[in-house]
Amino acid sequence: MTKLFNPKNHQHSSKAIMQDTIRSPWIILCDFDGTISLEDTTDVLLENFGMMGWQALEQDWLDGQIGSRECMGAQIALLDVSHETLYQQLAKMEIDPSFKDFVALANRYGIATQIVSDGLDSAIEFILKRNGLEHLPVFANRLVEEQDNHWSLAFPYADDQCLKASGNCKCARAANVKITPQLTSQRILYIGDGSSDFCVSNRVDLVLAKDKLIDYCREQRIAHFPIQNFNDAIALLPEILSAESAEASKSTSPSTASS
């Protein structure tokens with residue numbers, strides 16, 4: 001069984017473990033809307049171009065009457081906007097100014113970063129490309145352009161067993177990356193902020209939590225660090241890997257092996 005990293009046992013130090021001294025077993029799965037982006041992409045599009053009815057669907061979802069897949073599919077069908085105007089709006093969307101540096105730091109440690117979102121794939125990819133991050137793989141709902149300024153959603157990562165009835169089952173994605181093609185286990189560092197991140201936070205090794213996800217992790221006693229932005233994440237990542245290295249050394253030492 002994989003031993004979970006426990007923030008309570010974490011001691012800060014000034015030493016960072018660099019890629020040339022240890023190969024990290026971690027992978028990063030990161031939410032997009034409200035975590036990387038400063039605003040929720042879907043909400044911005046609906047507020048600007050949504051026809052009447054999308055707010056009622058939002059309330060039904062908040063009340064637990066429908067899942068996010070049903071909600072978002074119906075809401076996106078209410079968009080009335082041209083391709084050009086939609087992407088002009090997306091061009092105004094900003095991301096956390098430290099996210100690119102965080103990705104670069106993770107890469108120096110040999111840690112891959114994947115975007116796992118219950119949002120809109122081409123919108124996310126467009127915003128990432130504008131920020132020089134088009135190399136990041138994106139797992140999200142597929143935004144489809146229809147005729148006469150209308151749009152629809154497809155759900156390539158939906159799972160009928162998803163407890164949240166999400167368009168993109170983040171728990172399934174976590175399970176998919178947990179075991180590598182070489183049949184080795186990866187530890188998952190998850191970064192998120194809201195209700196779409198609740199379920200998956202129970203299925204990863206450590207969470208960097210923003211906003212509502214902080215309270216959820218505290219209530220559920222999930223191993224996590226609270227963060228406000230990716231500047232905090234940059235400061236924490238070397239410490240997480242240092243603690244991981246120390247725990248690995250203890251588990252392979254002669255005294256530990258004979259106890």
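User: Is Asn141 buried or exposed, and how would I tell from its relative accessibility?

Analyst: This is a predicted model, and the general idea is that a residue counts as buried when its relative accessible area is under 20%. Asn141, which lies in strand β3 (residues 138-145), has a relative accessibility of 1% and therefore counts as buried.

User: Which backbone atoms lie by the polar atoms of the side chain of Asn141?

Analyst: The backbone oxygen of Asp118 lies 2.8 Å from a polar atom of that side chain, while the backbone nitrogen of Asn168 lies 3.4 Å from a polar atom of the side chain of Asn141. Leaving aside neighbours within four places in sequence, Asn141 is also in contact with other residues, including Met72, Leu120, Leu153 and Phe155.

User: Where is Gln161, and is Gln161 buried or exposed?

Analyst: Gln161 has its place in the loop between β4 (151-154) and α7 (170-178). A residue is called exposed when its relative accessible area is over 50%, so Gln161, at 66%, is exposed.

User: How are helices α1 and α4 oriented to each other?

Analyst: The axes of α1 (residues 41-49) and α4 (residues 83-90) come within 11 Å and cross at roughly 130 degrees, and the two helices are therefore oblique to each other. The contact is made by Thr41, Val44, Leu45, Asn48 and Phe49 of α1, together with Thr85, Leu86, Gln89 and Leu90 of α4.

User: How many residues of that contact are nonpolar, polar or charged?

Analyst: Where α1 meets α4, the residues of the contact divide into five nonpolar and four polar, with no charged residue.

Note on methods. Residues are numbered from 1 along each chain as its sequence is written. This is a predicted model: local features need pLDDT of at least 70, side-chain atom pairs count only at pLDDT 80 or more; totals for chains, interfaces and linings use all residues. Side-chain values use heavy atoms; hydrogens and water are left out. Helices (H or I, at least four residues) and strands (E, at least two) are DSSP runs, numbered from the N terminus. Buried means under 20% relative accessible area, exposed over 50%, partly exposed in between (1.4 Å probe, protein chains only). A polar contact is a pair of N or O atoms within 3.5 Å; within protein, one must be able to donate a hydrogen and the other to accept it, and residues adjacent in sequence count only if both atoms are side-chain atoms. Contact means heavy atoms within 4.5 Å. Axes are lines fitted to C-alpha atoms, for helices over the stretch in contact, and angles run from 0 to 180 degrees between N-to-C directions. Angles under 35 degrees count as roughly parallel, over 145 as roughly antiparallel, 65 to 115 as roughly perpendicular and the rest as oblique. Ala, Val, Leu, Ile, Met, Phe, Trp, Tyr, Cys and Pro count as nonpolar, Asp, Glu, Lys and Arg as charged, and the others, Gly among them, as polar.
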